[in-house]
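Work through the following exercises with the coordinates open. Each task is followed by a solution in steps.

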Amino acid sequence: DVVKIGLLAPLTGPAAADGQEYQRGAQMAIDEMNAAGGVGGHTFELVTGDVKDMSSGNVTSAVERLIGDPDVHFMLTGYASLTNFEIDNMAEAEMPYMLAATSQQTRDIIAPEPDKYNCCWSWTPSFDAYNTDVTSFVEKLAADGKVTLPNKKVAIVSSDNAYSKTISEGMKKTFTEKGWTITVDEIVPFGEVTDWRSILAKVRADVPDVVINTDYLPGNSASFLNQFLEQPTKSLVFLQYAPSVPEFIQLTKEKSNGVIYNLLGGPLVSPKNPRAEEVGNKFKEKYGVESGTYGVALYEIMNVYFDALKKVGDPSDHAAIMKALGETDKQTVAGRLKFDPATHLAMQGEDYIPITFFQIWDGERTLISPEKYATGEFKLQPWMQ
Amino acid sequence: MTSLPSPVIGAPGRPSWKSEAVGVALAFLLMALLPLVFGDTYTRHILIMVFIYAIVASNWDLSLGYGGVFNFGHLALFSIGVYAYGLLTKAAGVDPWVSLVASGVIATVAAVLVTIPILRLKGIYIILVTFGFAQLVMQVILSQSDVTGGTQGMVRIPGLYLFDHNMIRDGKIGYFYIALALLFLSTVFLRVIVRSRTGASIVALRDNEEYAISRGISLARQRIITLAASAFFTGIAGAFYAAYQRNASIDVFGMSLATIILSMVLLGGTSTIYGAIVASFVLTIFSEAMADFGPWRPIITAVLIIVVMLAYPSGLSGMIRSIWNALAGRLKRPDAALAGKTEERTAA
Amino acid sequence: MALLEVEDVSKAFGSLKAVDGVSFKVEAGEIFGVAGPNGSGKSTLFNVITGIPFGPDRGRVKLGGVEIQGKSGNEIARLGLARTFQRETSFDGLTVFENALMGAGYGKPGRAESEVRERAAEALEFVGLTSVGFGRLAGELSVFDRKCLMLATAIAMEPRVLLLDEPASSLTKPEIETSIGLIRRTAERGITIVLIEHVLTFLMSLSQHLMVLNQGRVLAAGEPKTVIADERVVEAYLGTRRPAA
Amino acid sequence: MSVILTVEGLTAGYGRVTVLHDLSMEAGRFGNVGLFGPNGHGKSTLLRTVSGLLKAKSGSITFDGEDITRESPRAIVGRGLIHVPQGNRLFPDLSIADCMSLGAFSPRARPHEAENREKVVKIFPKLAERWRQRVRTLSGGERQMVSIATALMSHPRLLILDEPTLGLAPKIKDELCASVQEISKGGVPLIVVEQDIEFLLELCPQLYLVNHGTVETEIKPGQSIEHSEIMSMYFGH
Amino acid sequence: MGAFAEIMFGGLFQGSLYAMMAVGLALVWTTIGVFNFAHGVFMMLGAYVAWQFVSLGLPIAVALPVAVVVMAGVGWILQASVVRPLIGRPNIVLVVVITTLAAGSLIENGVLTLWGPRSKQLPSLLEGNTVIGGVGVSLHQIAIIIITPLILAALWAFLNHTRLGLALRAVAQNEDASQLVGLNVTALYGLAFAIAASLAGLAGIFMGGYRFMTPVMGSDPLLKALIVVVFGGISSISGPIFAAYLIGFFEAACSYYFGLYWTPALLFAVLILMLMVRPEGIFANQSRGLA
Ligand SMILES: Nc1ncnc2c1ncn2[C@@H]1O[C@H](COP(=O)(O)OP(=O)(O)OP(=O)(O)O)[C@@H](O)[C@H]1O
Ligand SMILES: Nc1ncnc2c1ncn2[C@@H]1O[C@H](COP(=O)(O)OP(=O)(O)OP(=O)(O)O)[C@@H](O)[C@H]1O
Ligand SMILES: [Mg+2]
Ligand SMILES: [Mg+2]
C-alpha cells in the first residue's frame, strides 16, 4: 500500500524558492525508495500543503488538511511558520514530524515539556554555536598567524528577524566577553535593503578587524558585499547563511571570492563525510541545479523516516515511529545525526553535526573549519591583501 | 458610542427588517448545522477561518464601503487584537474570555486614535496615514520584543475555554461555534448600524461631504463612530485568531493577508456587509479546493475574480441579486428585471 | 435686532478677492435677494457664512446676535443656518426618505426619533415629493425633484435662516412657477430666506430686499425696484435685459 | 440657406429605456434652430445621439449630406459638428488655457487656433483674466463661459448648445446672445436647447417643441408666436 | 564632508529609484484616476522580460529597449482587459483596485511557473565602481541617477507641453467632454497605461541590475510608489517626483543619523505630521471648491 508523506512548504510567495527545494529533496528520496521497492511493501507518495505566506492561518490550514488525510503517516518541512507553532498541532494529532527550521523557537516549545512532544524532532541543531564560534574561529585564525587583529574591533550588522537577531545578539555577547570592541552595531528592518551606505560609512569611519552581517536574505547579503567592495576596508568579512544559497555565487561572481560563512546542519562536504558529496551530486543530476541547505536536508529527513519505518514496520503505529525517530543515530550529509532528548534538537559538536566554516573561491565552497573535516585552508580575502 | 441613537429604520425602499432578520437567522442556523455534515477537523478549520475572515472583511466594509474612508490600516486593528489577546493572557495572565472582549476594546481605542489625524484629510491622503499607522504599530510590537517576542512571535498563548469542555480534542467543534457566534454578533451589530440613522449619515458623508455637513452632520463624530465601530469586532476576531492558533506573529501585518481580506470586501461588493461574508466563503473555499495546484491556485483565483468583477462590478452581491431577479422575473412579472436594476444600485 | 448680520466679511483666493468687505442685515421673516454678475462672489459669500467648506478670512457673522464665524460647518447648521448648493446635490446612495432624515435628525439637536421621522416625512410632503416615492434612491431623481429634495432636507432642519443658491437655474417655466410658490410657503413657515438667483422674474417676485454684488463688493442694496433701476446695476449686471417689472 | 442636419425616425435611449421615439427634425434651412419643452423629455438625449455620444437604435442622422449615424464622436467632431453639453462639467482640473487648446484638438480646428482664441477672448473677456485658473474653482457662470468658449475653439460648422444660459447673469446672457448671433451670422448655424424662451425667440427663427421623446410641434419662421402660447404648450402636458 | 557626500549620493540614488517606481503609478492616477495595483508586478515583469532577452544572448543595451516596448504592450493589454471595461461604472476606484490586484497576482504567479522561484540577476547597465567625493559608488547607480531625471523631464515636458500630453491629462476628468472635443478616449487610456508600464518595466530593469530578481520583487516597490504618489498629491505628475526625491533624501539622512532601523518609522511619523499640518498634501496647489 501507499504511505503518504505530508510536506509543508511555501510554494508561492517570497519563500517559494526554498519551498521548491524542500519538495525536490523529499521527492528525490521517495523516488529512490520507491524504485528500490519501498519499505516492507510500503511505497510512498509526497503530498504537499502550501503554507503560502506562512501566516498561522495558512499554516494551520495546510497542517489540518494533511493531518486529516488518514494515509498521511509522517510530516516534514524545512521551515513552515515563523514561530514553529505547528509543532503543537502535530503533538495533538500524534503525527511524527521533522523540521529543519530555526532551532530557537523549536527549543522554546519543546524544552519545557519534552515528553509531550515525542512527535517532533529537529534536524537543525542548537544555534548556540552560531553565537560563539565565529569569535573562536577568528581568534584561532589570528593565533595561527593567518590574519592579524590589530585592534580587536568588530562591526556587526543584523536584520530585524528572529534568525538574524538571535544570532547577532549572541555574537555580540561572545565578542564582548572575549574583550572585543563593537564599533558598529546596526539593525536593519526585515525585508529588502537597497542601500547599505549609511552603515558602511560607519564601518569605514572606524575600520574594524571583522565585519559581520547576519542578514540571511541572499539579495541583501549580496548587495551588502557589492557595496562594501565599492570601497573596501582591510577587514575580515563574514556573512551569515546567505552565501550558502547556490545563487549567491552565480550572482556575485568574482566578487564573492574570499567570503566566509558558516553553517549548522548544512552539507558537510568533505572526504571524511562522502555522503554529502554523493547526495549533492545526485540532486544536481536530477534537477540540474545545485541544492542549497534544504534540498539535501529534506532528502535526509525522508531517509531518517524510512529507517524508522524499517525498524517499526507499521507506518500507522505513530508512537513507535516517533520513538524510532528519536533514537536515530546515523551519518548524514550534515554529520552524525543524533537527537538531544531534552530539546529534541539534533546534537551539535565536532562528533555530531559540526558548525562548518566555508570560504568561497572561484565559485567553489571550501570547507576550512573544523579541521577534522577541512578540505582547504583559509586564505586571506582579496581586499585584505 | 452610548449616545448612538440607533433604532432600526423601517425605511421605505429598504427590505423590511423582519424579513432580513428571518433570512439571517436561517442562514446562521444552516451554518450551525454544518459540523454535522463535516466531521473532519480540516473542513471545520477552514470554516473557522472563513468566519474570522468574514468578520474582518465585513467590518472593513463598514469603513471602506459605507464610510468611503480609504482605510488601509484595518488589518492593523486585527493585529492589535491578536497581540492584545496574546499579551493579556500570556504576559498579564488575564482570563481568556475577558481578554477577548478587552482586545476588542483596545482595537476600538486604537481606531479612535488613528481617526484623529485623519479628521481633516480627504480621499487618498487617508491611505497614507492609515498605512503609516499600521507600520508604526508593527514597529512598536517589534521593538518591544521582550514581551511581544518581536520577530520571533509568541507561542503557547492560552486558548479559550468552555466550562470543562476540552477545546483541543473536540474536533474543533468548540472553536467552530464560538467563531460562528462571533460572526453572528458582528453581523447583527453591523447591520443594525448600517440600517440605523447613523448608518445613513455615514453614507451621506461619503456621498457628499459638504452637503452632509450643511445638514448638521459632524464629520469628526461620525468618522470616529465609523472607525470605532468597525474596529471592535475586528479586534475580537484578532483575539479569537490568536486564541485559536495559540500563537501570534507579525505575519498578520503582512501584505498578503491584507490583500486577501481586501479582495473579499471588494469581490463581495461594497456597502452590503453580506457581500464580504459571502466572498469570504467563496474565496477561502475556492482557494482550499485548489490547494494542490501550487502557483496555479492564485492564477485561477485571479481569473475568477476578474471575470466576476467585469461582469458584475458590484461584486458577488450584485451577481446574486441579478440571478435572483432573473429567476424571480421568470416566475413573476416580466418587468421585474427593471426593478432589479434599481436594487443593484443600492449595492453600489 | 436683525436675525442674520454680516459685518465686513472678506474671503480671498490668492490675489483674488472673491468677497471683499461685504456687510448686510437680514430681518426675521423676510426674503432677501442677492444678485450679481457671474463670479461676483455670491456663492463664496454663502460659503463663508455657513463655514462650508471654509469660513471668512475676516469679518463677523451673527445669527440672532450670536457670533458664528469660526465655528465648524455642522455646528453652524445646527444653530439654525441651512443652505442649498448651486448644483443640485443629493445623497445618491440613500433613499428620498433617508435624505430627509439627515436634515431632520442632525440639523436640529435634541429631537426624539419619532419626531425626526415625522419632520422628515412632513418636509417631503411639503415640497411635494410624496408622489415620487419615499423609497426611491435619490440618485435616480430628475433635476427638479432633486432640487426639491435638497430644499426638503433643509426644511426638515427647521432652520431659522435658509440660504438658497440659484434654486431656479435649469428649471422650466412651469417648474419655476412651482418653485416660487414653494419658497413663498417656506417663508410663511417662519423661515427667513436669503436667495441667490439669476432668473430675474424669480428674484423680483420673491425678495423684499435686494443686494447686488460686483467683484466681491456690495454694489447696491435696498428696495428691489430701486436697486434694479440703479445705473451701476444695469451697467454691471442687467444689461438691456431688465425684467418686465 | 441649406439644410445641414437631418434627423429622421430617430429612436434612442439608455439601456432598455427608450427616450426618443421616432423623432425627426432638420436644421439649417431657416438658420438657427431652437428646442424647448419640459425637463426630462429627451432634448439632451437627442443632442447626445446627434453628436455620437449615444448610439441610435434606429433612424438616421445626416450631417452635411453624409450619414453620420454610426460614426464615433471623434469623427463627428472632425466634421465640425460641435456639441456643448448640458451642465458645464468640463475638465475640472485643467486651466482655462488648457481647455482652449483641447478645444482645438481636432486637426480641422488646429490651423484656426489663434484666430479662434482671439474671437473667444473678445466674446468672454473675463476668461482672459483667469487664463491659468483651474475650472474647478470657477464660479458657475464662468464655467459656462468656458464650455462655450471651448466649443468655439473647435471651429464649428454646426454648433449645438444645450442650455447655454444656465446660471448666467442677465447681462452676460445678453452678451452671449449677441455673440452667438454673430457666430451664426458668420455662417455657423446653431441648435439651441433653452428654457429661457425670450432668449430662444430672439435667437432662433425655427423652433421645435420636444415632448415625450418626439417632436410635438414645429414652429416655422413667420409663424409668429405669443409668449403665452408657449407657456400653455408647456402646461398642456 | 563624508556625511554630506553619503547623504547626497544616497538621496539621489534612492530618490531616483523611487521616482522611477512611482512615476508610472502617478501617471495612471493623475490621468485616469485609478490606482493600478499591478504596478509593482509590472516592474518585476519588465526585469524578467529583459532577463529573458539577455539570456538569449542580447546585450543589456538592446534587451532594455526591447523589454520596455514589450511592457508597453502589456500595459495596454491590462488596461483594455481589466480597467477600460469598468470606466464609468460606480465605485470605479475600488473596483479597479481589486481587478488590478488580481491581474497582478495572475502575472506574478505566471512568472513563477514560467521562470521558477529562484533568484536571478540582470547585468548592470554599466559595470564597475568609482569613487566620487570620497564615496564609493557603482557605475550602475550613477547611470540610474543620470538617466532617471532625463526620463522624468521628458515625461513632464510631454505631459505639459504637448497637445497629446494635455489630452492625456484631460481624458479621465470627463469622458463625455473629451469625446466632444474629439479625443480618442480608448487610445488615450491605453497610452497612459502603456507609458506607465514601460516606466515600471524600466524601474524593474534598474532594480534587477543591482539586486536579485524574484517573482515577488515588485511588492515592496509598489508600496513605496503608493506612498510617494499619495504624499506627492494628486494635482500633477511633478508632485510625486518631488516627493520621491524628498523621501529619498530624508531616508538617506535618517539612515545616516538614526540608523536604517528607525528610518521607516520616522518617515511615517513625519509624513503623518506633515499631512496634519497640510491636509491637502504637500505639493498640492489645489484648493477645495464647491462643485
Ligand atoms: N476655491 C476657489 N479657489 C479659487 N478661486 C475661487 C474659488 N472659489 C471661487 N473662486 C473664485 O471666486 C470668485 C467668486 O466665485 P463665486 O462662486 O462666489 O461666484 P458667484 O457670484 O456665485 O458666481 P455665479 O453666479 O457664476 O455662480 C470667482 O471668480 C471664482 O472663480
Ligand atoms: N444616463 C442616463 N441613463 C438612464 N436614463 C437617462 C440618462 N440620462 C437621461 N436619462 C433619462 O432620459 C430622459 C430624457 O432625458 P434628457 O436629459 O434627454 O431630457 P431633457 O429634455 O434634456 O431634460 P432637461 O431639460 O432636464 O435637460 C429622462 O427621463 C432621463 O431620466
Ligand atoms: Mg454661484
Ligand atoms: Mg437636457
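Buried means under 20% relative accessible area, exposed over 50%, and partly exposed in between, with a 1.4 Å probe and protein chains only. Helices (H or I, at least four residues) and strands (E, at least two) are DSSP runs, numbered from the N terminus. The model is predicted: local features need pLDDT of at least 70, side-chain atom pairs count only at pLDDT 80 or more, and totals for chains, interfaces and linings use all residues. Residues are numbered from 1 along each chain as its sequence is written, chains are lettered from A and ligands numbered from 1 in the order in which they are written, and side-chain values use heavy atoms, with hydrogens and water left out.

**Exercise 1. Determine how many residues of helix 1 of chain C are buried.**

Step 1. Helix 1 of chain C covers residues 42-50.
Step 2. The buried residues are C:Lys42, C:Thr44, C:Leu45, C:Phe46, C:Asn47, C:Val48, C:Ile49 and C:Thr50.

**Exercise 2. Find the protein donors of the magnesium ion (ligand 4) and locate them in the chain.**

Step 1. Donors are N, O and S atoms within 2.8 Å of the metal (3.2 Å for Na, K and Ca); water is not among the atoms, so sites may look incomplete.
Step 2. Two atoms qualify, OG of D:Ser44 and OE1 of D:Gln86, at 1.8 to 2.1 Å from the ion.
Step 3. D:Ser44 belongs to helix 1 (residues 43-50) of chain D, while D:Gln86 sits in the loop between strand 6 (81-84) and helix 3 (96-103), so that the pair links distant parts of the chain, 42 residues apart.
Step 4. D:Gln86 is partly exposed, because its relative accessibility is 32%.

**Exercise 3. State which cysteines form the disulfide, and its handedness.**

Step 1. A disulfide is a pair of cysteine sulfur atoms within 2.5 Å.
Step 2. Over all chains there is one, formed by A:Cys119 and A:Cys120 with their sulfur atoms 2.3 Å apart.
Step 3. The torsion about the S-S bond is about -90°, so this disulfide is left-handed.
Step 4. A:Cys119 is buried at 2% relative accessible area, and A:Cys120 is buried at 0%.

**Exercise 4. Describe the interface between chain D and chain E.**

Step 1. Contact means heavy atoms within 4.5 Å; 28 residues of chain D and 22 residues of chain E take part.
Step 2. Buried area is the accessible area (1.4 Å probe) that two parts lose on being put together, summed over both. Here the area is about 2,300 Å², with 60% from carbon and sulfur atoms.
Step 3. D:Arg74, D:Phe91 and D:Phe105 supply 26% of what chain D buries against chain E, more than any other three residues.
Step 4. A salt bridge is a side-chain nitrogen of Lys or Arg within 4 Å of a carboxyl oxygen of Asp or Glu. The count between these chains is three; one of them joins E:Arg169 and D:Asp98 (3.6 Å, N to O).
Step 5. Helix 2 (73-78), helix 3 and helix 6 (140-153) of chain D each give two or more residues to the side touching chain E, and helix 3 gives the most, with four residues.

**Exercise 5. Compare chain pairs by contact.**

Step 1. Among the eight pairs of chains that touch, chains B and E have the most contacts.
Step 2. Chain A has no contact with chain C, the closest C-alpha atoms being 36 Å apart, and none with chain D, where the distance is 37 Å.
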